[in-house]
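The sequence and the structure come before the details.

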Amino acid sequence: MIDEPTRRLDEGALRALVPRVLAGLVRRGEDFDAAEDALQEALLEALRVWPEHPPRDPHAWLATVATRRLVDARRSEVARHRREEATQAEPRAGEPTTPEGDDTLFLLFCCCHPDLAPVSQVALTLRAVGGLTTQEIADAFYVPPATMAQRISRAKRVLAGPPARRLDQPGDLAVVLRVLYLVYTTGHTGPRMGARPPRRPDLAREAIRLARQLTLATDEPEARGLLALMLLNHARLPARLDPDGRIVTLDRQDRGLWDAREIAEGVRVLQSALAAHRPGRYQIEAAIAALHDDAASAEETDWPQILAWYDDLVALTEDPVRQDPAAVLGRAVAVGHVLGAAAGLLETDRLREVLGDRHRWHAVRGHLHELDGDLPAAASAYAEAARRATNIAERDHLVRQAARARAAWA
Amino acid sequence: MPKYLLLKHYRGGPEPHRPVPPIDQWAPEDVEAHIAFQNHVSELLEKNGEYVDAQALTPARTWVRYGGPDAAPVTTDGPHPETSDLVAGWWMIDVDSHERAVELAAYVSSEPGPAGEPLYEWIDVREIMWERPRTTDAA
């Protein structure tokens with residue numbers, strides 16, 4: 001349908017316009033559901049038409065075509081005028097606009113509505129704010145396009161009615177941040193085994209793009225904390241897998257492959273967030289990531305500082321073992337490096353009841369046993385972890401760790 | 001063209017031809033060779049135009065049944081008898097014939113195990129039902 005060079009030519013600029021156009025329609029009183037459908041059609045039309053007929057004012061073109069789609073849909077005369085309007089839609093310029101950042105924030109609040117399930121929040125955000133097509137979102141989640149289309153339209157039905165009725169309620173931004181982080185982490189996972197995964201959109205990059213837009217729209221330091229966290233983790237991605245697709249742990253990564261430019265930006269964003277003196281979990285996690293990124297070698301990692309940040313992280317919740325076990329587990333690794341492996345293992349004991357059936361708990365214990373020089377215990381912990389892994393690359397990695405530890409002592 | 005599942009099992013099936021310890025107890029180079037072979041099979045199937053899908057399942061299993069009106073679903077996640085069948089994953093292939101499916105399954109079963117020797121693992125070959133094209137409307 002759309003050939004590749006065309007796609008690449010227009011996509012970035014085109015998709016950047018999506019939140020502004022959509023927010024304009026919704027603010028003007030259009031139904032979110034109908035407006036979003038209309039804009040989606042206008043986008044597909046733009047991808048088809050713009051290469052040969054580039055518009056003078058892309059924003060106005062999209063708004064006009066989407067509006068006509070809305071009118072058409074209302075009259076149930078969708079097919080009419082489609083061809084000529086696409087090529088002749090040079091609309092009047094100078095529609096009143098609000099600042100771009102407000103639109104992004106407004107739409108993110110709509111899409112991350114607390115009544116929606118997380119999967120729906122993510123799908124809707126990618127479509128309405130990210131401008132991805134339903135097909136692309138379906139590919140990203142490995143589901144048939146019809147399934148994703150259904151999920152999106154059900155989500156939009158939840159949003160029907162007066163737009164953004166819960167705008168600016170406390171906690172809403174926290175939901176938005178969580179959704180964006182979910183988009184980011186989804187970018188790293190997939191269920192495929194064996195064959196190379198099919199082409200799918202780069203969700204990690206998309207999440208960074210959306211987080212960057214969000215930081216332009218709000219001064220909330222946690223938004224910048226999240227952007228920094230994504231950048232500082234994403235910078236290490238090129239070293240995360242070897243050429244054969246095998247996981248390379250942080251301590252063995254070729255740090256020369258890390259993206260220095262991305263690290264620098266992440267640190268800059270983090271510093272501006274921390275300057276507000278309103279710390280939160282994303283800022284703290286970003287600070288920990290920054291300390292890892294900052295070490296020239298694994299041996300030079302500043303574990304005492306990392307442990308100090310983990311202390312702050314677990315202090316955010318009243319009962320961290322139950323409310324934030326991942327933070328307690330991360331802290332146990334830091335304890336192991338600062339106070340010794342035995343102390344780290346003792347920390348993990350507190351989590352046995354909560355995380356004892358999760359692969360990461362066993363993997364961390366394997367790492368700490370190895371640090372302690374207890375290779376038989378390390379091998380069996382890694383084997384336990386492998387049995388519980390839910391991701392093929394992780395499973396293979398843990399089987400290798402188990403075999404390696406066993407071979408080293410045998 | 002008929003489609004088949006080539007199923008691998010964690011347990012169950014005929015008596016193993018060559019009993020081996022769990023993979024995490026193999027020599028590291030044998031582990032590497034085994035994983036590389038799995039990837040190679042998928043690539044080969046893709047290159048042949050015979051690949052449809054490949055998935056792996058975790059070993060955790062939950063049996064569920066309807067609990068009755070106004071009752072919660074009834075579940076049991078074990079313990080299950082050690083002999084019960086447990087599927088580990090599959091390749092779905094689209095091939096010319098049953099013979100070709102058997103040939104590919106045998107190739108999958110030749111995957112390297114400890115000391116680089118073939119595993120001789122039993123592969124469960126299952127045909128997927130599909131609607132056969134009708135020759136006449138009356139058929």
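Which residues in α15(A) meet which residues in α17(A)?

## Helix pair in chain A

The model is predicted. From α15(A), the residues A:Trp303, A:Pro304, A:Ile306, A:Leu307, A:Tyr310, A:Leu313 and A:Val314 meet A:Ala327, A:Val328, A:Gly330, A:Arg331, A:Ala334, A:Val335, A:His337 and A:Val338 of α17(A). By residue class, this contact divides into 12 nonpolar, 2 polar and 1 charged.

Two packed helices are described by the angle between their axes and the distance between the axes. For α15 (residues 303–314) and α17 (residues 325–339) of chain A, the angle is about 150° and the axes are 9 Å apart. Angles over 145 degrees count as roughly antiparallel, and α15(A) and α17(A) are therefore roughly antiparallel to each other. The crossing of α15(A) past α17(A) is left-handed.

## Nonpolar cores

The largest nonpolar core holds 112 residues. Those with the most contacts inside this core are A:Leu22, A:Leu39, A:Leu62, A:Ala66, A:Leu180 and A:Tyr382. Helix α12 (residues 221–234) of chain A gives the most to the core, 8 residues.

Leaving aside residues up to four places away in sequence, A:Leu62 touches A:Leu17, A:Val21, A:Leu39, A:Ala42 and A:Ala46. A second, separate core has 13 residues, including B:Leu6, B:Ala54, B:Leu104 and B:Ile123.

## Contact between chains A and B

Chain B puts 21 residues into the contact and chain A puts in 18 residues. On the side of chain B that touches chain A, α1 (28–48) and β2 (51–56) of chain B each supply at least two residues. The largest share of that side, 9 residues, comes from α1(B). Its residues divide into 11 nonpolar, 7 polar and 3 charged.

Methods:
Residues are numbered from 1 along each chain as its sequence is written. Chains are lettered from A and ligands numbered from 1 in the order in which they are written. This is a predicted model: local features need pLDDT of at least 70, side-chain atom pairs count only at pLDDT 80 or more; totals for chains, interfaces and linings use all residues. Two residues are in contact if their C-beta atoms, placed from the backbone, lie within 7 Å. Helices (H or I, at least four residues) and strands (E, at least two) are DSSP runs, numbered from the N terminus. Ala, Val, Leu, Ile, Met, Phe, Trp, Tyr, Cys and Pro count as nonpolar, Asp, Glu, Lys and Arg as charged, and the others, Gly among them, as polar. A nonpolar core is a set of buried Ala, Val, Leu, Ile, Met, Phe, Trp, Tyr and Cys residues joined through C-beta atoms within 7 Å. A residue is buried if 20 or more other C-beta atoms lie within 10 Å of its own, exposed if 12 or fewer, and partly exposed in between; C-beta atoms are placed from the backbone. Axes are lines fitted to C-alpha atoms, for helices over the stretch in contact, and angles run from 0 to 180 degrees between N-to-C directions. Angles under 35 degrees count as roughly parallel, over 145 as roughly antiparallel, 65 to 115 as roughly perpendicular and the rest as oblique. A crossing is left-handed if the near helix is turned anticlockwise from the far one by less than a right angle, and right-handed if clockwise.
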